[in-house]
Amino acid sequence: MAVDGKATEGVAGGASSSSSEVASTENAMHWYVLKITSNREKSIRDNLLRRIRQEGLEQFFGEILIPTEKVVENKNGKKKVVEHKLYPGYLMVQMILNDDTWYIVRTTGGVGDFTGSAGKPTPMQDHEIARMLQKQEQKQESAAPAMKIEFAVGDIVKIKEGTFEGFEGPIDSIDEANGKINVLVEIFGRSTPVELEYWQAERP
């Protein structure tokens with residue numbers, strides 16, 4: 001599972017519990033969602049892991065995740081693979097909720113609150129967990145990173161490079177897998193589709 005840093009790293013491995021205690025602990029764990037300061041997800045997660053170990057509460061925590069996806073961005077004609085967070089400003093925590101675990105989570109810098117109703121932490125439903133993990137795994141198992149194309153079919157764009165530089169027209173189709181778009185331009189009085197790399201076009 002791809003995550004920011006080592007987000008699949010669980011903390012339970014550091015606990016010194018009997019096998020029966022570990023089994024009962026894992027059965028009692030639930031997934032919770034934390035609202036945290038955006039753009040600080042990794043440092044907040046690392047700080048939380050550190051505090052859990054310092055307090056010896058590893059047996060009450062499982063995985064702490066920052067789900068991410070890899071996308072291809074193009075800057076100045078150069079393609080670069082970058083990781084984007086699927087849920088900016090949120091952290092997924094697998095844990096047993098009690099007074100000690102609630103306190104250590106809520107007093108970690110950058111953590112806002114648990115999501116839930118009336119201020120009470122609410123565990124994620126099974127179908128929500130399955131959807132979250134499935135989406136994460138699908139992003140990781142993709143043969144190639146998705147292209148980040150910030151256009152939509154029908155958008156009017158201007159061709160900024162190539163044979164048809166300066167022509168304008170609507171986008172007829174988008175091929176995200178290959179990072180290409182088809183733009184309809186008028187040539188000799190006829191609307192003709194022109195295939196471009198997505199970065200060869202811009203908004204007029």
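The model is predicted: local features need pLDDT of at least 70, side-chain atom pairs count only at pLDDT 80 or more, and totals for chains, interfaces and linings use all residues. Residues are numbered from 1 along each chain as its sequence is written, and side-chain values use heavy atoms, with hydrogens and water left out. Helices (H or I, at least four residues) and strands (E, at least two) are DSSP runs, numbered from the N terminus. A residue is called buried under 20% relative accessible area, exposed over 50%, and partly exposed in between (1.4 Å probe, protein chains only).

**Nonpolar cores**

- A nonpolar core is a set of buried Ala, Val, Leu, Ile, Met, Phe, Trp, Tyr and Cys residues joined through side-chain atoms within 4.5 Å.
- In soluble globular proteins, nonpolar side chains tend to be buried together.
- The largest nonpolar core has 18 residues, of which L34, L48, F61, L91, V93 and V105 touch the most other members.
- At least two residues of this core come from each of β1, α2, β2 (61-65), β5 (90-95), α3 (99-106) and β6.
- Helix α2 supplies the largest share, 4 residues.
- V105 is in contact (heavy atoms within 4.5 Å) with L34, L48, F61, M95, V111 and F114, leaving out residues up to four places away in sequence.
- Another core, of 14 residues, lies apart from this one and has I171, I181, V183 and V185 among its members.

**Aromatic pairs**

- Rings of Phe, Tyr and Trp (its six-membered ring) pair if their centres lie within 6.5 Å; planes under 30 degrees apart count as stacked, over 60 as edge-to-face and the rest as tilted.
- By this rule there are 2 aromatic pairs.
- Y32 and F114 make an edge-to-face pair, with 5.7 Å from centre to centre and 80° between the planes.
- Y32 belongs to strand β1 (residues 30-36) and F114 to strand β6, so the pair ties together parts 82 residues apart in sequence.
- Both Y32 and F114 are buried.
- F164 and F167 also form an edge-to-face pair, at 5.7 Å centre to centre and 85° between the planes.
- F164 is partly exposed because its relative accessibility is 25%, and F167 is likewise partly exposed, at 32%.

**Salt bridges**

- Side chains of opposite charge can pair when their charged atoms come close.
- The structure holds 6 salt bridges (a side-chain nitrogen of Lys or Arg within 4 Å of a carboxyl oxygen of Asp or Glu).
- One of them joins K85 and E41, whose closest N and O atoms are 3.6 Å apart.
- This pair links distant parts of the chain, as K85 is in strand β4 (residues 78-85) and E41 is in helix α2 (residues 41-54), 44 residues apart.
- K85 is partly exposed at 30% relative accessibility, whereas E41 is buried at 1%.
- D46 and R45 form a salt bridge of 3.2 Å, N to O, and K42, R45 and D46 are linked in a network of salt bridges.
- E197 and K180 meet in a salt bridge of 3.0 Å, N to O.
- E197 lies in strand β11 (residues 190-197) and K180 in strand β10 (residues 180-187), so this pair ties together parts 17 residues apart in sequence.

**The loop residue T115**

- T115 is in the loop between β6 (111-114) and α4 (126-141), and it counts as partly exposed because its relative accessibility is 21%.
- T115 and K35 are 80 residues apart in sequence and 6.7 Å apart in space, C-alpha to C-alpha.
- Beyond its neighbours within four places in sequence, T115 is in contact with V33, K35, Y90, K120, P121 and T122.
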